[in-house]
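Hi there,

As promised, I am handing this structure over to you.

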Amino acid sequence: MGGGPSAPGSGARSPPFDAISIHSSDSMVEIVQHPTTDTPGLHRLLYSKSKVYLHPTAFARDNIPGFVAIVKKDGLSPTFLLAWIPESLLNQRGDQEWQKFISADGGLPKPSNEEENEDGVLIDLPPRGENYAFSTPLTSIYSLLVTTPSLSSWYGSITINLVNGSTLSTLHFHDDESRSMQISRTSHDNMAPSWGGEDLLQHLRSYCHILKSALQPHLFLVDPSRSDIEAHTTIIFDDLDFTTTSSPVPYHRRPQRPRSASDHSGTSTPRGSNFRTSVLHEAISSPSSARMALLSGFSQFTRATRHAAQSVLSHPLAKPILPHLPEPVRSLVHVPGEYSSWVEKGGVGEYESARVYLAKWARVVAEEGERARQREVQRTAGGGSGSREEETSDLGVFELLAESSNLPQPKSTRDSRHPIDLPLWDSWFDDEGRPRITFDEMRELVFRRGLDLGVKRKAWPFVLGVIPWHSTAKEREGLWREKARRYEEVKAQWHGVDEVFNSPEIVEERHRIDVDCRRTDRTHPLFAMQTSNSSSSIAVAAENGAHTGANHHVERLSVILLTYHVYEKELGYVQGMSDLLSPVYVVCGCDEVESFWCFVAIMERMKQNFLRDQSGMKKQLQTLQQLLAMMDPELYRHLEKSDSLNLFFCFRWILIWFKREFQFDDVANLWECLWTDWYSKNFILFVALAVLESHRDVILRYLVEFDEVLKYCNELSMTIELESTLAQAEVLFISFSQIIHDIDRRKGEMQLAGSRLTEIRRRRRTGSKSGRGKVEEVEEVRNIELPEISDNLRELLISGRSH
């Protein structure tokens with residue numbers, strides 16, 4: 001069956017394996033092998049799920065595929081275990097072991113009789129420490145933290161928390177690659193699980209009791225104790241009865257139901273779910289014990305009410321009202337750990353806290369108020385003075401920056417209402433196609449006004465430096481022919497070359513690229529449309545590849561990215577690059593050659609974001625942290641107190657340049673503004689700072705924990721207004737530049753003051769009176785403490801201008 005060992009007496013029994021014993025350690029459950037000549041070391045495979053990955057790092061290339069499995073260790077007291085085995089170990093053991101897990105993918109059919117099939121699928125679990133493999137008894141698992149797939153997280157995941165307090169590696173379910181999930185989705189079965197984690201939970205319920213927490217909706221307790229049940233459910237009547245469950249978990253580990261008086265008196269009560277009664281029902285059915293049952297019911301109600309009150313009053317948001325509560329109620333708050341314990345057990349960032357809700361509500365109100373104010377300004381435009389313009393500025397917080405440094409208040413020069421259209425663009429070139437304006441003039445206008453949709457395809461190659469600005473139309477045609485030849489030359493290194501195309505390295509990259517491209521911008525009309533033939537020329541075999549629908553545009557994206565992987569051998573393809581390519585492909589009219597070379601130019605700018613050691617991202621986040629400390633010390637200190645100073649919530653913003661935070665058209669407008677390098681080659685950091693500043697009041701007032709800041713910032717996606725953000729970013733840069741120059745000026749004055757002080761003291765020693773009275777003034781200048789400007793901050797002043 002399923003490639004397992006033959007039946008006894010067949011003469012084909014597999015060679016003996018080592019027996020396995022389980023020992024708990026701080027990090028995971030250790031599997032110790034003991035030599036034996038029999039087969040008790042073998043475990044019976046009950047269920048497996050393919051394409052369950054571990055994500056050791058942020059890079060997709062480091063993901064480790066494997067199988068999650070439920071296995072049974074036979075004995076007088078059978079042990080059920082949850083295991084994860086990497087595919088690499090199964091490959092080492094040969095096709096027979098691999099086929100065992102394939103046959104159990106999605107679960108094995110249960111035997112018809114009560115006795116388990118002696119010729120079942122038997123496996124040998126791997127030792128601990130090999131490619132993150134682990135195996136742990138279900139009785140050692142305390143809880144499961146389940147994250148379902150969402151728009152912001154492509155893969156659902158399950159994190160396993162052990163009884164000893166340790167946590168195993170998070171399992172990520174790549175359902176688009178899993179054979180069983182694809183079969184399940186094509187079966188049109190309404191009862192089929194929606195994702196791999198749900199399928200695993202359904203099968204685990206056959207071997208243990210799983211309780212979904214009412215406090216934390218993503219938390220599932222495994223074989224909870226009585227205290228856990230009371231803590232994670234609001235039990236008013238005790239209707240739970242686990243004595244009849246088919247769970248193989250020992251009875252003494254199951255939550256026990258208090259015995260009623262009827263149980264002691266010998267009165268027979270029907271068992272099973274159809275006959276479960278509440279405590280009050282038992283009181284009615286047994287008049288002799290009515291008083292005891294009624295009191296028991298009230299005690300249950302009291303405990304549940306007390307726990308609910310503790311959960312509410314222990315929340316930090318309730319602190320302002322505590323002094324006004326009666327002492328008996330206020331005493332409930334002092335029960336240690338009532339609020340923090342379930343948050344810690346349930347993980348962070350997975351629940352909608354009241355503060356996050358209030359923060360989002362405040363943001364909506366503030367945005368609506370700002371829009372109303374701007375409409376009022378537009379109605380009264382033209383009738384005010386210059387002071388009116390300053391009063392109606394939407395850059396309120398930045399006025400403080402100017403005041404603190406005694407510098408003039410900067411203003412934005414953006415004019416997105418008048419983008420560069422096709423007639424204006426054409427007027428910049430003479431009859432031969434040679435530009436009449438300089439490269440810097442062109443970039444300044446692109447930064448300030450942006451490009452109309454009909455101009456982007458013509459302008460982007462110039463802005464990105466793919467085509468020289470000072471060239472004629474004829475020269476540009478020749479350059480594009482040469483680039484087309486070069487592209488086909490690079491593409492020919494893998495296209496049609498079987499030994500390269502099917503090499504292990506390229507097969508792995510083909511799979512990653514194909515899967516990523518099938519998921520990229522599927523709401524865009526160009527990539528959303530389906531074709532009758534959804535196969536891809538780079539797709540791996542069906543059992544290993546992705547099955548999400550595709551079309552010829554998705555196919556071209558994958559071809560371009562695989563060609564780039566061959567072209568850029570040092571970096572290769574990294575997950576996230578498909579997000580950067582898709583807008584370029586759309587703007588370039590779906591042309592492979594133009595899209596490829598524009599993408600190459602973009603990656604030359606952003607290569608640091610995808611380095612394997614993440615040094616580029618670390619440097620940018622560190623620079624953003626220093627920038628925030630200089631421009632907004634109050635927000636900096638608040639993030640420091642809330643353990644949010646790592647700015648992890650800004651990681652995605654910078655990694656793919658706000659690709660998933662703005663609408664598709666706004667992303668194109670943002671990128672062309674950044675590519676000009678008009679103010680800074682790292683202007684993206686000022687855009688990130690502008691977003692933070694736009695929401696600083698909400699963050700300062702409502703968000704005090706890291707998970708709250710993270711959740712709030714992640715949910716800003718598709719709610720950020722681009723033009724006001726760019727205007728604020730420009731003002732921020734001008735303010736930053738003024739502050740830096742002011743600090744440098746003052747440092748120069750301090751150095752000059754030092755020289756003057758030396759001269760004054762020299763004159764005083766010679767008896768001259770001309771220097772007397774000026775020493776205090778000069779020393780006062782010298783004693784001014786000025787902040788040190790790091791090299792990272794000074795690099796922000798480097799622009800792409802030629803002058």
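**Cysteines, cores and overall make-up**

Cys598 counts as buried because its relative accessibility is 0%, where buried means under 20% relative accessible area (1.4 Å probe, protein chains only). Please bear in mind that this is a predicted model, in which local features need pLDDT of at least 70, side-chain atom pairs count only at pLDDT 80 or more, and totals for chains, interfaces and linings use all residues. Residues are numbered from 1 along each chain as its sequence is written, and side-chain values use heavy atoms, leaving out hydrogens and water.

The structure has 0 disulfides, a disulfide being a pair of cysteine sulfur atoms within 2.5 Å. For Cys598, which is in no disulfide, the nearest cysteine sulfur belongs to Cys588, 4.1 Å away.

Now to the nonpolar cores, meaning sets of buried Ala, Val, Leu, Ile, Met, Phe, Trp, Tyr and Cys residues joined through side-chain atoms within 4.5 Å. The largest has 125 residues, and Trp425, Met577 and Phe683 touch the most other members. A second, separate core of 30 residues includes Val68, Ile160, Cys208 and Val222.

Across the protein, 48% of the 803 residues count as buried. Of the contacts (heavy atoms within 4.5 Å) with a separation of 6 or more, 69% come from residues 24 or more positions apart.

Happy browsing!

Key:
Buried < 20%, exposed > 50% of the residue type's maximum accessible area, 1.4 Å probe, protein only.
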